[in-house]
Amino acid sequence: MKRAYLMELTVLKSYVRQLVGLGFFVAICICIGMKNIVSVPGILTMMLFMMSSMSAAAYDEQNNWGLFRLTMPVSRRDVVLARYGVILTLGVVGMLLGFVATALLMAVAGAVDLPGGLSGMLAFSPENVQAMVFASMFCMVVGATIASIVTPIYFRLGQTKATQFIPMIVVIVFICPFVVLGGSGMLDAGAVHLEGIMRVLADTLALIETPQGVAVFAVAALVFTLAVLGVSSAISLKLYERREL
Amino acid sequence: MTIATDRAQNAAIDATSLIEARGLTKHYNGFSLHDVSFTVEEGEIVGFVGKNGAGKSTTIKALLGLIALDGGAADILGHDAATLARPSGAALKERIGVVFDTVSMPGHLTVSDVASMYARAFRTWDQRQFQTYLDRFDLPARKAIKDLSRGMGMKLSLACALSHDACLLVLDEATAGLDPMARDEVLDLLRAFVAEPGRAVFMSSHITTDLDKIADRVIGIDGGRIIFDRYKDEITDTMGVARCRVAEFEAIAASGIIPEHELRYLRHDYGIDVLVPDRFAFAENFPNVPCDRMTIDDYLTLTLKGGVR
């Protein structure tokens, strides 16, 4: 698997450089809009989780690379496990880069008086760090979940064909349940205990606002991320083994 | 269609088979590979010819363990080809150099990225050897694959396949897109490759003139079935194409010099081409009928398109 992992990194190397640049640009735009830098690591994390999965699948189809790679000393199993390893690696690298960049900005803002209220916006505060950790872990969960849904589809259908199906799958998984719940009147009829859900949600949010709560959430997010990628990789292994290239 | 399998089966009795295909069968919607069997022995360059869609690439995929077979089996370097699909097949794959009809890697990678990729994939990668080929082929290390001409790309693929100590080369249309001088250069490389003990080349090609120059044996496939498997010298040195008129054709048929079920011919506006199994014997019997040396292209055309009397 190590060979396939290194090969995958070689393919994605130059794209990741562009993606990190783009991620920082998007993060800066959002930070200016929000007048806050807490979202920087989260944006980079989510972008790298999602885009590494999608772009790796796109490269597989360039010049028949997905087929040719299997003539090299790697198996389909190696390819699948390496793909998930790279998605996780790049997601974590995105998060770390985001943290390093924001730490540097906070340090600069603390040392130099920046114009236009920037020093205040970039200033270090425990609340900002706590929010940053929460946002990053939340974005990791979202990014890993999306990567876990699309990667098996890419392995089964290939990127070109999968692109036709993914919008339909997103609608079925993410939109249809809410439309059915809302349209059927189940919420109004009391079949779903909305008040109870809202109360649990409020308690959870209150917990998350504490340092202990963020720590618990971070661990839970990490466990969830690893679990969802693990389940997805098991599905991808089965699908890719059966695929005719 | 008669299947010509009369090659000297025992000639290579002591030679080792680097490829042995036994009844390879694969069914797709609209196409099937039927019972494909052949061998590639040590020291041989075997050409694999046929029309587009005849089954060449499917056979190559089957040999490389890239597709699951519906029947039959193949041995590569003495191991079941199905092993190649498993993680345990990595060591075996190190010894097989593969070239497809394009540079089969993402276009943004540079020549030096490709070398890095191979260095990571093959424990036997020889960077110095690869650099020698880059210099020989004039391939710039910083150029991206997408910016290489087709010929340059094929040279890069061959340089890669020849730089990891492979003992078997499997080439799918590897000389396509090369200019005549570059093709000769590549053919020289292949000759030098098989000159080392324990090596062989299996190459599919539409450019049969390359096979005329280099192949030891030629295997033809059509409609997913092997239609001939002959030593090249048998085709080019012994066989011939008689260019005759209708009356001459009838005389040849009546003479019995060519068994009736083997009398393959192709009608043209200006006459009839007849496949002659032994052009020297034919010349003695029909000195007035011109009989040219057979090329692989002629043999393929007469076998595929020619009628049987």
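What pattern does chain A follow when read along the sequence? Chain A runs α-α-α-α-α-α-α-α-α-α, with ten helices and zero strands in its secondary structure. Chain B, by contrast, contains eleven helices and 15 strands. The model described here is predicted.

**Chain A: overall dimensions**

- The C-alpha trace of chain A spans about 55 × 55 × 30 Å along its principal axes.
- Chain A has 245 residues, of which 34% are buried.
- Among contacts in chain A with a separation of 6 or more, 79% are made by residues 24 or more positions apart.

**Chain A: helix α2**

- Helix α2 of chain A covers residues 40–61.
- Just after α2(A), residue A:N63 adopts a positive phi of about 55°.

**Chain A: residue A:E127**

- A:E127 belongs to helix α6 of chain A, which comprises residues 126–157.
- Is A:E127 buried or exposed? A:E127 is exposed, because 10 other C-beta atoms lie within 10 Å, and a residue counts as exposed at 12 or fewer.
- A:E127 and A:D78 are separated by 49 residues in sequence, and their C-alpha atoms lie 42 Å apart in space.

**Chain B: overall dimensions**

- The radius of gyration of chain B is 21 Å, close to the 19 Å that the globule rule gives for 309 residues; chain B is therefore as compact as a globular protein of that length.
- A box of roughly 65 × 40 × 40 Å, taken along the principal axes, is filled by the C-alpha atoms of chain B.
- In chain B, 45% of the 309 residues count as buried.
- Of the contacts in chain B between residues at least 6 apart in sequence, 73% join residues at least 24 apart.

**Chain B: the six-stranded sheet**

- Strands of a sheet pair through backbone hydrogen bonds, in either a parallel or an antiparallel manner.
- In chain B, six strands form an open sheet with mixed pairing, in the order β6-β7-β8-β3-β9-β10.
- Which strands stand at the edges? They are β6 (96–99) and β10 (225–231) of chain B; each has a single partner strand, so one side of each is left without a neighbour in the sheet.
- On average, neighbouring strands of this sheet are turned by 15° against each other, direction ignored.
- Within the sheet, strand β7 (residues 168–172) and strand β8 (residues 200–204) of chain B pair in the parallel sense over five bridges.
- B:L171 has B:M203, in β8(B), as its bridge partner.

**Chain B: helices packed on the sheet**

- Helix α1 (residues 56–63) of chain B packs on the sheet, where it touches β3 (45–49), β7, β8 and β9 (217–222) of chain B. The direction of α1 makes about 150° with that of β7(B).
- Helix α6 (residues 180–195) of chain B also packs on the sheet, touching β3, β7 and β8 of chain B. The direction of this helix α6 makes about 145° with that of β8(B).

Methods. Residues are numbered from 1 along each chain as its sequence is written. Chains are lettered from A and ligands numbered from 1 in the order in which they are written. This is a predicted model: local features need pLDDT of at least 70, side-chain atom pairs count only at pLDDT 80 or more; totals for chains, interfaces and linings use all residues. Two strands pair if DSSP finds at least two bridges between them. Helices (H or I, at least four residues) and strands (E, at least two) are DSSP runs, numbered from the N terminus. Axes are lines fitted to C-alpha atoms, for helices over the stretch in contact, and angles run from 0 to 180 degrees between N-to-C directions. Two residues are in contact if their C-beta atoms, placed from the backbone, lie within 7 Å. The radius of gyration is taken over C-alpha atoms; the globule rule is 2.2 Å times the number of residues to the power 0.38. A residue is buried if 20 or more other C-beta atoms lie within 10 Å of its own, exposed if 12 or fewer, and partly exposed in between; C-beta atoms are placed from the backbone. The expected span of a helix is 1.5 Å times one less than its number of residues.
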